[in-house]
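Please read the following report alongside the sequence and the coordinates.

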Amino acid sequence: MTGKKKRPAVRPEKGTQRSKPSKSLEKQSGRAKKRYSHTVFEDWCKKCGICSSFCPKNVIGQDEHGGPVFERPEDCIGCRFCELHCPDFAITVQELDSDTVGDV
Amino acid sequence: MATVMPKKKRSLLQGNEAIALGALAAGCRFFAGYPITPASEISEVLSARMPRVGGTFIQMEDEIASMGAIIGASIAGIKSMTATSGPGFSLMQENIGYACITETPCVVVNVMRGGGSTGLPTCPGQGDVMQARWGTHGDNPIIVLAVSTVTDCFDITVRAFNLSEKYRIPVVLLSDEVVSHTRETVIFPSPQDIEIVDRVTPSVPPEWYVPYENNSTGIPDMAAFGEGYRYHVTGLVHDERGFPTQHPEEVKTFTNRLFRKLTQGLHEIQIIKTFMMNDADVAVIAYGSVARSAQRAVVDARSKGTKAGLLQLITLFPFPERLVDKVLKQCIRVLVPEMNMGQIYREVQRVNQGKTDVKKYNRIDGQFITPDEILGELLLEE
Amino acid sequence: MPKEITKLIHKYLRHDKKFPHVWCPGCGNGVILGSLIRAIDRLGLTKDEIVLASGIGCSGRMPVYVDFNTLHTTHGRALTFATGIKLAKPSLTVITVMGDGDATAIGGNHFIHAARRNVNLTAIIINNQIYGMTGGQFSPTTPYGSHAATAPYGHIEHAFSIAELAVTAGAAFVGRGTVYHVQTLDKLIKAAVLKRGFSVVEIISNCHIQFGRRNEMGNPVTMMEWMRDHAVTVEKAEKMTSEDLEDKFTIGILADEEKPIYTEEYDKIRERAGD
């Protein structure tokens, strides 16, 4: 429904979908790159396509029904556009502390 | 802060002034209105007196807004009133319906003028009786009271607030141009003799509060906004928690409760006055300013040997069927004079069902009905 | 950037109500509800202090979802009820949420008089340029030439600019935002609620179902892109020519002035009336 090109569909499991952050801590110019986990509360998501269409880093793809799939969570810059614009309060973006990254 | 009651024990007052003073005595502390003849004096008096007792007067942009504002104030916990005449009363119907459905106490004064539409602004009429009962869309009960003297204007306004608060229902107070602009001496009751009823507020903690509970009385406790009882108020048909529902069982329960709460209180809601009715075999059933003429006509008829009596209806709705029925059974002839084409006459006939001879007498020319006219009708068949 | 967005919103929702909410997929109303909640949270107001009143229409369904003192009134009349509540209990923070038809057609008179009267209320007006709930009939903000269920051959009336109407009517604070520029919107709502006096926030929102589909913007993304491409901040607009601004609209604070507040003036009346 959105003008966005569809990425290969990955059908998430029913219920809550959570992206898996990369376990290794990359160092970029001496600073630890911030990592984020993304939760989609699928029961409330209406698959409107706003999050996937506007993600500035193309982190979010769409499944075959237009629902969000966090395909490249490691690229997330934490702008929270998706979380702020989700009309259904179905997305949570959490910044991960460097020492919690491994446990999620 | 000024005392609510006038300092003098007796006072020469106009009906509209007495309504304003009655409202203050009843505890009304919010009035919103829009200028209209012949009701404007109520606004004028309250614009001067409300601020003196810590209350609020506001002149809104129209009658729709006035009605909305008094409902809002009532939901915030303050007794509230508006006053208008026919055209404004028509505009208020939408939000009167809202007050019915949300069970928000408030008093709506309609000083009836003659005629339909903009009609006869400075003449009396009683054409809004059925509108007072059935003016809102949907099927909601409502209480309608009618005043006939300036003393009534004070007393019955207090009663209107009491019923409204107790039963959580808007009360329409019908006056007419004659009553509202007549000046009479009013002897005020001492403040301790005035019965004041306040709405019941919840005694349970907020988490136990059920704002539209289907309890035994049919009248749920009413929490004011801002007191910790956060709940939802809507004009949509709602469940016991106040949230919209279309579930047939819940809709039925809700609507039945609105009627049930009044049915259980008819003994105190239905107010009448009788005059020389004990041995009467001819009766006049009247209300509003017509009841004044009727009272005189009854005295005159008695002096001419006719055993006449008067049943004055103060409560028009819920229509006091059993009280009227008693008169119909007692009398061989009943006259219903009205300044309309026979709106309460129709109600009387509905109760009568052929038991006795019921006649109507109507004036719709903007003139009030005189004692002589009623007397003439009473003696017509003698 | 706040750490909690969705988690914070959940603190204010009535979870026993039917979620997901009633609005269509991608509807701006949900975005605005989130923005309103964040603004209230940042102001540190308690739930008990807030009254949220609405009129009728899609926007009218908003109060039911949040755990405040909530009031769903009649069509166009939210401000009249809000006026009564505020005057009866000035300690309450009273916010109304209305649609464009609600606030400026059937409620137009109440709106301009509320602005003139300056009771300390906040009016949030969701402008989706259409009557959504009833099926896409044109509203007072439907643009000239566009299509609606009751304008099948193109709309021949001219649209109100709600924010400018509010400025002219004398509102103490007027802001305009969009559901695309959410962080600006958060700030506008916060400033409006904080403002002492009658404050208005017009929010350009998307009804891609009823307006968009009839006007070649049939999904929320194209409508949000339209907002992104046509909104200009007030500051930037000052440096642009009227030609450049022709198909643009301004966002930001359009009016912010100090005026005597009704409730405070009425307190003086009480003193004057005295004994």
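The report below describes a predicted model.

**Nonpolar cores**

The largest nonpolar core comprises 208 residues, and those with the most contacts inside it are Leu173(B), Ala283(B), Val284(B), Ile285(B), Val51(C) and Ile85(C). Helix H6 of chain B, residues 150-167, gives the most to this core, contributing nine residues. Because domain 1 (10-193) and domain 2 (274-379) of chain B both give residues to the core, it lies between them. Once neighbours within four places in sequence are set aside, the contacts of Leu173(B) include Val107(B), Val108(B), Val109(B), Leu145(B) and Val147(B), as well as Ile156(B), Thr157(B) and Ala160(B). Apart from this core lies another, of 11 residues, among them Cys27(C), Ile130(C), Tyr131(C) and Ala148(C).

**Contact between chains B and C**

The contact draws 37 residues from chain B and 36 residues from chain C. On the side of chain B that touches chain C, at least two residues each come from strands S2 (30-33), S3 (56-59) and S10 (232-234) and from helices H3 (63-75) and H4 (86-102). Of the elements on that side, H3(B) gives the most, with nine residues.

**Helix H7 and the annotated span of chain C**

Helix H7 of chain C, residues 182-194, has 13 residues and reaches 18 Å from its first C-alpha to its last, close to the 18 Å expected at 1.5 Å a residue. Its buried residues are Val182(C), Leu185(C), Asp186(C), Leu188(C), Ile189(C), Ala192(C) and Val193(C). They cover an arc of only 165° around the axis, which puts them on the same side of H7(C). The buried residues of H7(C) pack against several elements, including helix H2 (81-85) of chain A and, within chain C, helix H2 (28-42) and strand S6 (199-204).

According to an unreviewed UniProt entry, residues 56-203 of chain C carry the annotation "domain: Thiamine pyrophosphate enzyme TPP-binding". The end C-alpha atoms of residues 56-203 of chain C lie 17 Å apart, and the span is 33% helix and 19% strand.

| C-alpha pair | Separation |
|---|---|
| Ends of residues 56-203 of chain C | 17 Å |
| Pro220(C) and Pro25(C) | 8.3 Å |

**Pro220 of chain C**

Pro220(C) is placed in helix H8 of chain C, residues 220-230, and is buried, with 30 other C-beta atoms within 10 Å. Although Pro220(C) and Pro25(C) are 195 residues apart in sequence, their C-alpha atoms are 8.3 Å apart in space. Beyond residues up to four places away in sequence, Pro220(C) touches Cys48(A) and Ile50(A) of chain A together with Gly26(C), Asn206(C) and His208(C).

Note on methods
Residues numbered from 1 in each chain as written. Chains lettered and ligands numbered in written order. Predicted model: local features only at pLDDT ≥ 70, side-chain atom pairs only at ≥ 80, totals over all residues. Helix = DSSP H or I, 4+ residues; strand = E, 2+ residues; numbered from the N terminus. Expected span 1.5 Å × (residues − 1). Buried ≥ 20, exposed ≤ 12 C-beta atoms within 10 Å, placed from the backbone. Arc of directions from axis to C-beta. Contact = placed C-beta atoms within 7 Å. Core = buried A, V, L, I, M, F, W, Y, C linked by C-beta atoms within 7 Å. Domains from an automatic or database assignment. UniProt positions renumbered as here; feature names shortened; annotations may be inferred.
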